[in-house]
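Hello,

Here is the structure we spoke about. Please open it alongside this note, and my findings follow below.

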Amino acid sequence: MSEIESFQAIYARACERKGGPHVLEAMLDKPLSSQALAKIGDDRYLAEMTKKVFQSGFVWRVVRNKWPDFERVFFDFDIQKILMMPDEMLERKASDPSIIRNFTKVKTIRANALMIDDLSDEHGSFAKFVADWPTQDIIGLWAYLKKHGARLGGNTGPYSLRALGKDTFLLSQDVVGYFTQCGVITGSAQSKRSLTAIQASFNDLQQQSGRSLQELSMILSKSVGDNII
C-alpha cells in the first residue's frame, strides 16, 4: 500500500488554501464524547437514519422541509410504536402526501427500528452500542449497519453517524480522490480492501495528530480539490 503525506504536510496545505490556521480551525466540527453519545435517545438514532435514507439520491432540502411531518406520521420515531405497526398501517403511512411517498424507503423505518431494538436489549441501549464502538475500526460499524440495517450501506450509514456526533471520517469526493491519487486505493472506495487501507491511513494520521477522525476527514478534504478560498 502506498503511503500518504504526514499530517503536518496535509494541515499546512489546508491552511494555505483556506486562509490560515485560524480560518481553518473555525471550519472544523468535533464529534461528541462517548458519554454524550450514549445519552442520545434511540428514537433519535432511528430518526437520523431515516432522514439519511430518504436524502440518499433525493433533494436534501425537500426532506428537511418535510421532516416535521415525518416526525408526526411516525410517532416521533418511538421504537416500540414503530414495531407495533402492522403491514397495512405501514403501507397507509407510505401513501401520506405530507411525507415523501416511497414505500421501499418507508419500510426501512420498521426494519431499522427492529435492529435498534435488538441491540438495545443486548447492550442496554442502541446509543451505548454506538458510543462504545472503537473509532479505530469505524468501518466495522459501517459494515454492521449495512449488514443488519436497511439501506444503510454506502455513505448513508456513515453520514447518519456523523450527524449524530459519532466520530467518523466520510468518503467525500475529495477524500476518495486524495487516497486514489496517493495510490492508497484503486477502484471502488467501498471495497473491503479500500476501506481497510483508508481506515489504516486515518489511524496513522490520528496517532500523529491526536485529532478526531472527523477533524482529520475535514482537514484532508479542505487540503485538496477545487474548494479553495
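**Cysteines**

C182 has a relative accessibility of 23%, so it counts as partly exposed. Keep in mind that this is a predicted model. C15 is buried, with a relative accessible area of 10%.

**Salt bridges**

The structure holds nine salt bridges. Side chains of opposite charge can pair when their charged atoms come close.

Start with R211 and E25. They form a salt bridge, with the closest N and O atoms 2.7 Å apart. R211 sits in the loop between α13 and α14 (213-222), and E25 sits in helix α2 (residues 21-27). The pair therefore ties together parts that are 186 residues apart in sequence. R211 counts as buried, at 17% relative accessibility. E25 counts as partly exposed, at 31%.

Next come R44 and E71. Their side chains meet in a salt bridge, at 2.8 Å from N to O. This pair links distant parts of the chain, with R44 in helix α4 and E71 in helix α5, 27 residues apart. R44 is partly exposed at 29% relative accessibility. E71 is buried at 12%.

Then there are R110 and D87. Their salt bridge has its closest N and O atoms 2.6 Å apart. R110 belongs to helix α8 (residues 103-123) and D87 to helix α7 (residues 87-94). The two residues are 23 apart, and the pair links distant parts of the chain. Both count as partly exposed: R110 at 24% relative accessibility, D87 at 46%.

**Helix α4**

This helix runs over residues 42-55 and has 14 residues. At 1.5 Å a residue, α4 should span 20 Å. Its end C-alpha atoms are 20 Å apart, which agrees.

Is α4 enclosed or open to the outside? Of its 14 residues, 12 are buried, so α4 is largely enclosed by the rest of the structure. Among the buried residues are Y45, L46, M49, V53 and F54. The buried set also includes the charged residues D42, E48, K51 and K52. Just after α4, G57 takes a positive phi of about 75°.

Two residues here deserve a check of the backbone. D76 lies in the loop between α5 (60-73) and α6 (79-83). Its phi is near 55°, a positive value in a residue other than glycine. F77 lies in the loop between α5 and α6 as well. F77 has a positive phi of about 60°, although it is not a glycine.

Are these residues buried or exposed? D76 counts as partly exposed, at 48% relative accessibility. F77 counts as buried, at 0%.

**Largest pocket**

About 280 Å³ of space lies in the largest pocket. Its lining has 13 residues. Nearest the centre of the pocket lie I139, A143, Q190, K192 and L195.

Which elements give two or more residues to the lining? They are α10 (138-148) and α13 (192-209). α10 gives the most, with four residues. By type, the lining of the largest pocket divides into six nonpolar, five polar and two charged residues.

**One distance across the model**

Q8 is in helix α1 (residues 7-18). At 66% relative accessibility, Q8 counts as exposed. Q8 and T108 are 100 residues apart in sequence. In space they are 42 Å apart, C-alpha to C-alpha.

Best wishes

Definitions and conventions:
Residues numbered from 1 in each chain as written. Predicted model: local features only at pLDDT ≥ 70, side-chain atom pairs only at ≥ 80, totals over all residues. Heavy atoms only, no water. 1 Å grid on protein atoms, 1.4 Å probe; cavity = no way out; pocket = protein on both sides within 12 Å on 5 of 7 lines; lining within 4 Å. Points joined across faces, edges and corners; volume = space filled by probe spheres on them. Expected span 1.5 Å × (residues − 1). Buried < 20%, exposed > 50% of the residue type's maximum accessible area, 1.4 Å probe, protein only. Salt bridge = Lys/Arg side-chain N within 4 Å of Asp/Glu carboxyl O.
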